[in-house]
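Visitor: I would like each label here set against the cut-off behind it. Please begin with the surface.

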Amino acid sequence: MSDRFETGMRTRRRILGDAHVDRAEQAKDALDTPFQDLITEAAWGHVWSSDGISDRERSMLTIALLAALGNFEEIAMHVRATARTGATQRDVAEALQHVAIYAGVPRANHALKIARATFAEMGEQT
């Protein structure tokens, strides 16, 4: 494996937690292994491992971008990651307010519902 992959795997585990990454790794098969390797190297080994902005800021950006683009299936995972990135519920709410103004109220509203439910599952009172 490349250095970028190893860096990405360390960052992925730090942000998402060992249990999540272990489940994803066990679920890999011949079809998606190249894709999983790509996101580990590119998303986690390059973007998330950059020291240009903090994990908190990156977390807020990611949640906002997922919501703005309508990629709701990964929002809960990234809301759970806020426990490790330092992004607060207020941070998430602020990011989603930007989504409402710049990308649309329905997308922000749906993402907010996902965030609320995920924070509740995490045992965090909203």
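Guide: I53, L61, L65 and L69 make a nonpolar surface patch of about 370 Å². This is a predicted model, in which local features need pLDDT of at least 70 and side-chain atom pairs pLDDT 80 or more, while totals for chains, interfaces and linings use all residues. Residues are numbered from 1 along each chain as its sequence is written, and side-chain values use heavy atoms, without hydrogens or water.

Visitor: Why is I53 called partly exposed?
Guide: Buried means under 20% relative accessible area, exposed over 50%, and partly exposed in between (1.4 Å probe, protein chains only). At 32%, I53 therefore falls in the middle class.

Visitor: Is S59 buried or exposed, and how do you know?
Guide: S59 has a relative accessible area of 1%, under the 20% limit, so it is buried. S59 is found in helix α4; helices are DSSP runs of H or I, at least four residues, strands are runs of E, at least two, and both are numbered from the N terminus. Beyond four places in sequence, S59 is in contact (heavy atoms within 4.5 Å) with W48, H78, T82, T85 and A87.

Visitor: How do you know that the span of helix α1 agrees with its number of residues?
Guide: The expected span is 1.5 Å times one less than the number of residues. For the 14 residues of α1 (residues 3-16) that gives 20 Å, and the end C-alpha atoms are 20 Å apart, so the two agree. The buried residues of α1 are F5, G8, M9, T11, R12, I15 and L16, and they pack against α2 (18-27), α3 (33-47), α4 (55-68) and α5 (75-85). After α1 comes G17, with a positive phi near 95°.

Visitor: Why is the pair D22 and R13 called a salt bridge?
Guide: A salt bridge is a side-chain nitrogen of Lys or Arg within 4 Å of a carboxyl oxygen of Asp or Glu. The closest N and O atoms of D22 and R13 are 2.8 Å apart, so the pair qualifies. The structure holds eight salt bridges.

Visitor: What does the salt bridge between D55 and R14 tie together?
Guide: The closest N and O atoms of D55 and R14 are 2.3 Å apart. D55 lies in helix α4 and R14 in helix α1, so the pair ties together parts 41 residues apart in sequence.

Visitor: What makes K28 and D37 a salt bridge?
Guide: Their closest N and O atoms are 3.8 Å apart, within the 4 Å limit. Salt bridges that share partners join R12, E25, K28 and D37 into one network.

Visitor: Which members of the largest nonpolar core touch the most other members?
Guide: Of its 18 residues, these are A67, I75, V79, V92, L96 and V99. α4, α5, α6 (89-102) and α7 (105-121) each supply at least two residues of this core. Another core, of nine residues, lies apart from it and includes F5, M9, M77 and A81.

Visitor: What makes a set of residues a nonpolar core?
Guide: The members are buried Ala, Val, Leu, Ile, Met, Phe, Trp, Tyr and Cys residues joined through side-chain atoms within 4.5 Å.

Terms used:
Patch = residues over 30% accessible without salt bridge, like charges linked within 9 Å, V, L, I, M, F, W, Y side chains within 5 Å. Areas by Shrake-Rupley, 256 points an atom, 1.4 Å probe, with all protein chains shown as cover.
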